[in-house]
Amino acid sequence: MGKHYPAISADIQAFIEQQHLFFVGTAAADGRVNISPKGQDTLRVLDANRVAWLNLTGSGNETAAHLLALNRTTLMWCAFEGRPTILRLYGTATTYHPRDAEWATLLPLFPPLPGARQILVVDVDLVQTSCGMAVPFLDFQAERDELNNSMAKRGPEQVAQYWHTRNTRSLDGKPTGI
């Protein structure tokens, strides 16, 4: 049975920290709904009602566009080993870019990853767990290196150019704040 909590408990934080993958769901008032998988060491629990994740450069920037239009979000984890569990954090998110003062405070929380494009801080208003009994067992092998290698090879100037050509508008033509 699903359970609702007002905050992230120590047990829930431990579960989050053990996971290798999470999903971010966002939507504007109109247009497409977006669900993005996130990996690597890019999420931190800041306190019982706030988490932050380092958003890396990707082929699109739907999450940022949606959050500019309507800042609600859902983060979801599935246990692929151990007890069957699904965890969702519901809340509103604020996006920080390298040009923002908060960036300098938040960035040291994460390992240095090339292509870091935004840091998103979610104010969590509901924590929900559910059973996850239909989620399969999967074995984690390793993080992929392709994104980091690609961004490191490009260097900061080419990454910024990539943002300009590929990350300034969503699939629906909404601005992303880049």
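**Ground rules**

I number residues from 1 along each chain as its sequence is written, and I use heavy atoms for side-chain values, leaving out hydrogens and water. Because the model is predicted, local features need pLDDT of at least 70 and side-chain atom pairs count only at pLDDT 80 or more, while totals for chains, interfaces and linings use all residues. Helices (H or I, at least four residues) and strands (E, at least two) are DSSP runs, numbered from the N terminus.

**Entry 1: the largest pocket**

I began with empty space. Rolling a probe the size of a water molecule over the atoms shows where such space is left. I took a pocket to be an open set of points on a 1 Å grid over the protein atoms alone, where a 1.4 Å probe fits, with protein on both sides within 12 Å along at least five of seven lines. Lining residues have an atom within 4 Å of a point. Grid points are joined across faces, edges and corners, and a volume is the space filled by probe spheres set on the points.

How much space lies in the largest pocket? I found about 990 Å³. Its lining counts 35 residues, and Leu21, Pro37, Lys38, Gly39 and Gln40 lie nearest the centre. The largest share is that of E3, with 4 residues.

I then sorted the lining by class. Ala, Val, Leu, Ile, Met, Phe, Trp, Tyr, Cys and Pro count as nonpolar, Asp, Glu, Lys and Arg as charged, and the others, Gly among them, as polar. The largest pocket has 16 polar, 10 nonpolar and 9 charged lining residues.

I looked again at Gln40. It sits in the loop between E3 and E4. Gln40 is not a glycine, yet its phi is positive, about 60°.

**Entry 2: the second largest pocket**

This one holds about 410 Å³. I counted 15 lining residues, with Tyr5, Ile12, Arg83, Thr85 and Thr129 nearest the centre. Strand E1 (3–5), helix H1 (10–18) and strand E8 (116–130) each give two or more. H1 gives the most, 3 residues. By class, I found 8 nonpolar, 4 polar and 3 charged residues in the lining.

I use buried for under 20% relative accessible area, exposed for over 50% and partly exposed for in between (1.4 Å probe, protein chains only). Tyr5 has 31% relative accessibility, so it counts as partly exposed. Which residues does Tyr5 contact, leaving aside neighbours within four places in sequence? They are Ile12, Leu126, Val127 and Thr129, with contact meaning heavy atoms within 4.5 Å. Tyr5 and Thr129 are 124 residues apart along the chain, but 8.5 Å separates their C-alpha atoms.

**Entry 3: helix H1**

I asked which residues of H1 are buried. They are Ile12, Phe15 and Ile16. Down the helix axis they fall within an arc of 100°, so they line one face of H1; the arc is that of the directions from the axis to the C-beta atoms. An α-helix has 3.6 residues a turn, so residues three or four places apart point the same way. The face turned away from the buried side carries Ala10, Asp11, Glu17 and Gln18, which are exposed. The buried residues of H1 pack against E1, strand E4 (43–47), E6, strand E7 (86–96) and E8.

**Entry 4: helix H2**

H2 is mostly covered, with 6 of its 8 residues buried. I listed them as Glu62, Thr63, Ala64, Ala65, His66 and Leu67. Their cover includes E2, E3, E5, E6, E7 and E8.

**Entry 5: aromatic pairs**

Rings of Phe, Tyr and Trp (its six-membered ring) pair if their centres lie within 6.5 Å; planes under 30 degrees apart count as stacked, over 60 as edge-to-face and the rest as tilted. My search of the whole structure found 2 pairs. Phe22 and Trp53 have ring centres 6.3 Å apart and planes at 80°, so this pair is edge-to-face. It links strand E2 (residues 22–27) with strand E5, the two residues being 31 apart. Phe22 and Trp77 have centres 5.5 Å apart and planes at 25°, so they are stacked. Trp77 lies in strand E6 (residues 72–78) and Phe22 in E2, so the pair ties together parts 55 residues apart in sequence.

Both Phe22 and Trp53 are buried. Trp77 also counts as buried, at 1% relative accessibility. Ring pairs link Phe22, Trp53 and Trp77 into a cluster.
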